Amino acid sequence: MPDTLMRSALFVPANRPDRFPKALASGADAVIVDLEDSVAPDAKAAARDALADYAADHPQDRLWVRINDGSTPWFEDDLALCRELPAVSGIFLPKAQAAEHVYKVSGAGKPLIPIIESAQGLRVLDDIAEANGVERLTFGILDLMVEFGTRPQTEGAQRILDQVRFQILQASRMHGLADPVDTIYADFSDEAGLEQAAVLARDMGFGGKLCIHPRQVPVVHQVYRPLPEELDWARRVVEHAERTGEYAFRLDGRMVDLPVIESARRVLERGSHYGAHSA
């Protein structure tokens with residue numbers, strides 16, 4: 001399993017290179033230059049050119065790219081650009097539902113994050129998750145809601161989405177992928193709602209959240225920051241296990257066994273990430 005954390009992944013339109021520096025300065029763990037939904041069909045080529053020009057002028061910046069999906073006429077050109085640019089750290093593949101498209105993108109030699117956005121994508125989720133180069137999974141709430149005919153922001157929608165989340169988590173664990181990234185929270189002015197959604201995803205086992213505005217990044221990072229008492233407990237659990245070699249013991253009246261020790265190590269890993277990076 002890859003050990004890189006992706007608490008936040010922030011979208012920025014490819015045809016707005018003036019916004020790239022602000023997105024990179026947001027502190028997001030990944031900045032995703034979007035060639036898909038935020039770019040009109042007649043502007044796709046110009047958006048690719050804008051990305052290429054920016055990458056040439058800023059070789060030190062590291063960007064992820066959401067390309068157009070495999071059924072579109074822009075897929076091949078997007079993929080070729082990502083393959084050629086050293087500044088592209090990895091690729092988000094939208095509407096991932098055909099294993100052959102996933103395999104083709106993985107052949108670019110860059111880390112790949114498929115975005116599950118359809119019933120067909122859920123049906124072939126195992127095939128997608130086991131493809132070489134797939135680092136982790138995520139999903140798109142808006143396209144799924146449209147296809148399912150689900151009314152957004154209702155209890156029914158939440159029940160459907162929780163089932164989707166479970167499938168994403170299950171596939172991620174079965175295939176040894178990094179923690180999946182939860183879908184967007186569409187109202188970037190609602191920080192309380194975003195915090196609640198991020199807490200839900202965190203508690204389910206997701207490693208982070210897709211973001212659509214820089215102001216969402218610090219909210220998500222704060223949710224994923226381990227509490228001081230969590231870090232203290234985890235540190236003492238790991239120290240006791242390493243000092244004694246025991247895999248089953250009592251600490252502060254609580255039973256500790258191997259799964260608890262492994263969980264404590266993950267908490268410390270997240271804590272060290274925050275220690276090295278500002279939130």
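User: Why is E191 called partly exposed?

Analyst: E191 has a relative accessible area of 36%. Buried means under 20% relative accessible area and exposed over 50%, with partly exposed in between (1.4 Å probe, protein chains only), so the 36% of E191 falls in the partly exposed class. The model is predicted, with local features needing a pLDDT of at least 70 and side-chain atom pairs a pLDDT of 80 or more, whereas totals for chains, interfaces and linings use all residues. Residues are numbered from 1 along each chain as its sequence is written, and side-chain values use heavy atoms, with hydrogens and water left out.

User: What makes the contact between E191 and R215 a salt bridge?

Analyst: A salt bridge is defined as a side-chain nitrogen of Lys or Arg within 4 Å of a carboxyl oxygen of Asp or Glu. The N to O distance between the side chains of E191 and R215 is 3.7 Å, so the pair meets that definition. E191 belongs to helix α9 (residues 191-204), while R215 sits in the loop between β8 (208-211) and α10 (216-224), so the bridge ties together parts that are 24 residues apart in sequence. Helices (H or I, at least four residues) and strands (E, at least two) are DSSP runs, numbered from the N terminus. R215 counts as partly exposed, at 36% relative accessibility.

User: How do you know that D179 counts as buried, and what does D179 pair with in a salt bridge?

Analyst: The relative accessibility of D179 is 16%, and on that value D179 counts as buried. The side chain of D179 meets that of R266 in a salt bridge, at 3.0 Å from N to O. D179 is in the loop between α8 (155-174) and β7 (181-182) and R266 is in helix α12 (residues 258-276), so this pair ties together parts that are 87 residues apart in sequence. R266, with a relative accessible area of 33%, is partly exposed. The structure holds 22 salt bridges.

User: What makes D203 exposed, and which residue forms a salt bridge with D203?

Analyst: D203 has a relative accessible area of 55%, and this value makes D203 exposed. The salt-bridge partner of D203 is R202, with the closest N and O atoms 2.9 Å apart, and R202 counts as partly exposed at 33% relative accessibility. Elsewhere, salt bridges that share partners join D34, E36, D37, R66, K95 and D143 into one network.

User: Why are α9 and α10 called oblique to each other?

Analyst: Two packed helices are described by the angle between their axes and the distance between the axes. Here α9 and α10 pack at an angle of about 40 degrees, and their axes are 9 Å apart. Axes are lines fitted to C-alpha atoms, for helices over the stretch in contact, and angles run from 0 to 180 degrees between N-to-C directions. Angles under 35 degrees count as roughly parallel, over 145 as roughly antiparallel, 65 to 115 as roughly perpendicular and the rest as oblique, and α9 and α10 are therefore oblique. On the α9 side the contact (heavy atoms within 4.5 Å) is made by residues including E191, L194 and R202, and on the α10 side by residues including Q216, V219 and Y224.
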